[in-house]
Amino acid sequence: RLIGVDGHSMVPTLQDGDRLLVLNAMLDNDYGYGDIVVLRKDTFLEKPIVKRVIATEGQTVDIDFTAGAVYVDGQLLEEDYIRQPTYLEEGLEFPVTVPEGCVFVMGDNRNDSDDSRDPELGPVDTRQILGRAVFLLFPGVTADTDKRDFGRIGPLT
């Protein structure tokens, strides 16, 4: 399926207006760290959202909001894909262990993202994931330059 990105929560990886090719969850549902997924939780937001998987079931996530650092199972994540360190607290108490059948997701633009740090979303049941974003088909307007960067077209990592 094709999905459009709406918003800036995944900047710099994805831009508002990007068009993504998404593998349907029925065909590809083994999610791991770093995967970019599209999910829908009607009690959280009415439309699908795009986020990155940070941890999977059984893993423990801890965030040091003073240092802006995210830890999974006690290991500091090396996150070269984020816009800036993680300073925004959304109300979930840490550390949190991801329940069975769930993933913990965050936006790459950590301080402008509603994600699993929000108790209303929390860890996401994998049945709420529509699929994994695998390819950028058409670029939206880049937040920094206000132009489309066609060089961004290609596989998502």
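Trainee: Hi! What should I keep in mind with this model?
Mentor: It is predicted, so local features need pLDDT of at least 70 and side-chain atom pairs count only at pLDDT 80 or more, while totals for chains, interfaces and linings use all residues. Residues are numbered from 1 along each chain as its sequence is written, and side-chain values use heavy atoms, with hydrogens and water left out.

Trainee: Okay, salt bridges. How many does a search of the whole structure find?
Mentor: There are 9, each being a side-chain nitrogen of Lys or Arg within 4 Å of a carboxyl oxygen of Asp or Glu. One of them joins R132 and D35, with the closest N and O atoms 2.3 Å apart.

Trainee: Where do R132 and D35 lie?
Mentor: R132 is in strand β11 (residues 129-138) and D35 is in the loop between β2 (19-24) and β3, so the pair ties together parts 97 residues apart in sequence. Strands here are DSSP runs of E with at least two residues, numbered from the N terminus.

Trainee: Which residues are linked in a network of salt bridges?
Mentor: E90, D115 and R117. Between D115 and R117, the closest N and O atoms are 2.8 Å apart. D115 has a relative accessible area of 0%, and R117 is likewise buried at 0%.

Trainee: Back to β4. Why is it largely enclosed by the rest of the structure?
Mentor: Because 8 of the 8 residues of β4 are buried.

Trainee: Which strands does β4 pair with?
Mentor: One is strand β3 (residues 36-39), antiparallel over 4 bridges, with V37 having K51 as its bridge partner in β4. Another is strand β9 (residues 102-106), also antiparallel over 4 bridges, where V53 has V105 as its partner. Two strands count as paired if DSSP finds at least two bridges between them.

Trainee: New topic: what order do the strands of the open sheet take?
Mentor: The order of its 4 strands is β7-β6-β5-β8, with antiparallel pairing. β7 (75-76) and β8 (96-97) are at the edges with a single partner strand each, so one side of each has no neighbour in the sheet. Strand β6 (residues 69-72) is joined to β7 by 2 bridges, and V72 stands opposite Q75.

How values were computed
Buried means under 20% relative accessible area, exposed over 50%, partly exposed in between (1.4 Å probe, protein chains only).
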